[in-house]
Amino acid sequence: MNALLSGGTLPVIRAHYAEILCQLAEERGVAQQELVSAAGIRQPQLGHPDNFITLDQFTELCRQAFVRCKDDSLGLEFGRRLKFTAHGALSQAAISCDTLEQALRVLIKYFRIRFAYMALSFFIEGDEAVIQLDIKHDTRDLHRFNIEVVLASLMEVNNLLFGQRLLEGGRCLVDYEQPANVEPYQPLFGNAVSFCTGVNQLRFQKQFLSLPLSLSNPVARRVAEAQCEEEMRQMEASTSVTERVVRMLESVRDGRLLSLEDVAGQLHVSARTLRRQLAAEGARFQLLQETVRHQRALDCLRRHSPLSIDDIAEHLGYSDPSNFGRAFRKWEGISPSAWRRLHQTDGD
């Protein structure tokens with residue numbers, strides 16, 4: 001497997017995703033050679049499942065396709081082209097699980113081996129199961145495109161496994177403005193799409209988590225997960241300590257914040273060694289903790305839920321709500337309640 005591209009550039013996405021996008025663009029009259037040249041991709045890089053391209057190359061390819069195809073819903077169509085077979089071992093591991101909940105947990109665990117610049121999380125809120133997508137790369141002009149690609153791909157796999165069943169009482173929330181034409185959303189989400197919500201989520205009734213998967217196969221799942229683990233190990237070898245620490249901190253969603261000792265234990269190093277490794281990269285553990293806590297606070301305040309400010313403070317691990325208030329004013333310059341009033345919408 002090509003661990004590094006020429007010049008030591010870290011690969012972040014498999015080249016066949018680019019090839020699928022090029023095929024879609026060609027159907028709209030945009031030549032593949034035109035796209036790959038504009039994105040700085042060599043033609044031989046495409047077409048082989050073990051080849052990689054850089055994030056910058058893939059981002060530029062998406063940008064060029066979006067501009068040249070002149071189709072605002074290109075992200076949705078691209079996502080629909082990413083059938084479960086396009087994701088290789090990741091999809092095989094997920095669809096071989098016994099239940100939908102098991103499949104989601106496998107998907108969350110290994111999602112980054114396919115889309116390293118995005119983060120997928122899963123949690124339960126009230127009677128709803130929630131899949132949340134967060135973009136980890138600053139590509140503002142492709143923000144909507146990236147979100148639509150992933151959400152459409154997830155719904156395409158869902159339709160294969162369960163048909164329209166999850167749409168019963170389900171809904172899709174996105175953080176961008178409503179486009180002029182919402183018709184392309186109908187086949188995937190029905191009428192259950194809300195815009196300007198501050199989050200990017202697929203929500204469905206938690207009772208569906210126990211739905212059995214018709215393709216359940218314990219042997220196939222073990223084989224596929226072993227392949228996913230190997231791909232994860234290869235990625236970890238090329239990932240900075242800071243990135244790994246942040247990912248661990250973000251992975252715990254029950255309000256707890258992992259301590260330095262907790263993270264060091266998971267990385268199999270001493271706390272002193274971890275502190276030294278972070279310092280070598282110009283990072284401090286306490287600052288990383290606060291960054292994660294800050295982002296969680298914003299997520300909670302944006303979310304359309306009955307959580308009070310005191311509830312959110314408790315969820316974030318503050319024993320005294322006033323401590324949360326002081327921390328939030330330091331981050332944003334205003335109180336949590338004032339920030340919520342400014343940013344919440346009635347989009348859903």
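Before the notes, one cut-off: a residue is called buried under 20% relative accessible area, exposed over 50%, and partly exposed in between, using a 1.4 Å probe and protein chains only. This is a predicted model, in which local features need pLDDT of at least 70 and side-chain atom pairs count only at pLDDT 80 or more, while totals for chains, interfaces and linings use all residues. Numbering starts from 1 along each chain as its sequence is written, and side-chain values use heavy atoms, with hydrogens and water left out.

1. Let me start with the sheet. Strands (E, at least two residues) and helices (H or I, at least four) are DSSP runs, numbered from the N terminus. Two strands pair if DSSP finds at least two bridges between them. On that basis there is an open sheet of five strands, ordered S3-S4-S7-S5-S6, with mixed pairing. S3 and S6 (193–194) are the edge strands, each pairing on one side only.

2. Strand S4 (residues 128–135) deserves a look. Six of its eight residues are buried, so S4 is largely enclosed by the rest of the structure. On one side, S4 runs antiparallel to S3 (residues 118–125), joined by eight bridges; Leu120 has Leu133 in S4 as its bridge partner. S3 and S4 make a hairpin with two residues between them, and Gly126 in the turn has a positive phi of about 65°. S4 is also antiparallel to S7 (residues 201–205), with five bridges, and there Ala129 is partnered by Phe204 in S7.

3. Now the other end of the strand order. S5 (residues 171–173) pairs with S6 in the parallel sense, over two bridges. Cys172 stands opposite Val193 in S6.

4. On to the aromatics. A pair of rings is described by the distance of the centres and the angle of the planes. Here the rings of Phe, Tyr and Trp (its six-membered ring) pair if their centres lie within 6.5 Å, with planes under 30 degrees apart counted as stacked, over 60 as edge-to-face and the rest as tilted. That rule gives 11 aromatic pairs. In one of them, Phe78 and Phe145, the ring centres are 6.2 Å apart and the planes are at 25°, so the pair is stacked. Phe78 belongs to helix H4 (residues 74–81) and Phe145 to helix H7 (residues 143–162), so this pair ties together parts that are 67 residues apart in sequence.

5. A contrasting geometry turns up in helix H15. The rings of Phe328 and Trp331 have centres 6.2 Å apart and planes at 70°, so I'd read the pair as edge-to-face. The two residues are three apart in H15 (residues 321–332), and about one helical turn separates them. Phe328 is buried, at 0% relative accessibility. Tyr318, Phe324, Phe328, Trp331 and Trp339 form one aromatic cluster. Arg293 lies over the face of Tyr318, 4.1 Å from the ring centre; the rule for a charge over a ring is NZ of Lys or CZ of Arg within 6 Å of the ring centre and within 35 degrees of the ring normal.

6. Two helices are worth checking for span, where the expected value is 1.5 Å times one less than the number of residues. H7, with 20 residues, reaches 28 Å from its first C-alpha to its last, close to the 28 Å expected. Of those 20 residues, 16 are buried, so H7 is largely enclosed by the rest of the structure. H13 (residues 285–302) has 18 residues and reaches 26 Å, close to the 26 Å expected. Its buried residues include Phe285, Leu288, Arg293 and Asp299.

7. Cysteines next. A disulfide is a covalent bond between the sulfur atoms of two cysteines. With the cut-off at 2.5 Å between cysteine sulfur atoms, a search of the whole structure finds zero disulfides. The sulfur of Cys62 has its closest cysteine sulfur in Cys22, 9.5 Å away and too far for a bond; Cys62 is buried, at 1% relative accessibility. For Cys196 the closest cysteine sulfur is in Cys172, at 13 Å, again too far for a bond, and Cys196 counts as partly exposed at 31%.

8. Last, a polar contact (a pair of N or O atoms within 3.5 Å; within protein, one must be able to donate a hydrogen and the other to accept it, and residues adjacent in sequence count only if both atoms are side-chain atoms). A polar atom of the Gln57 side chain lies 2.8 Å from the backbone oxygen of Gly40. Gln57 is in helix H3 (residues 55–69) and is buried, at 14% relative accessibility.
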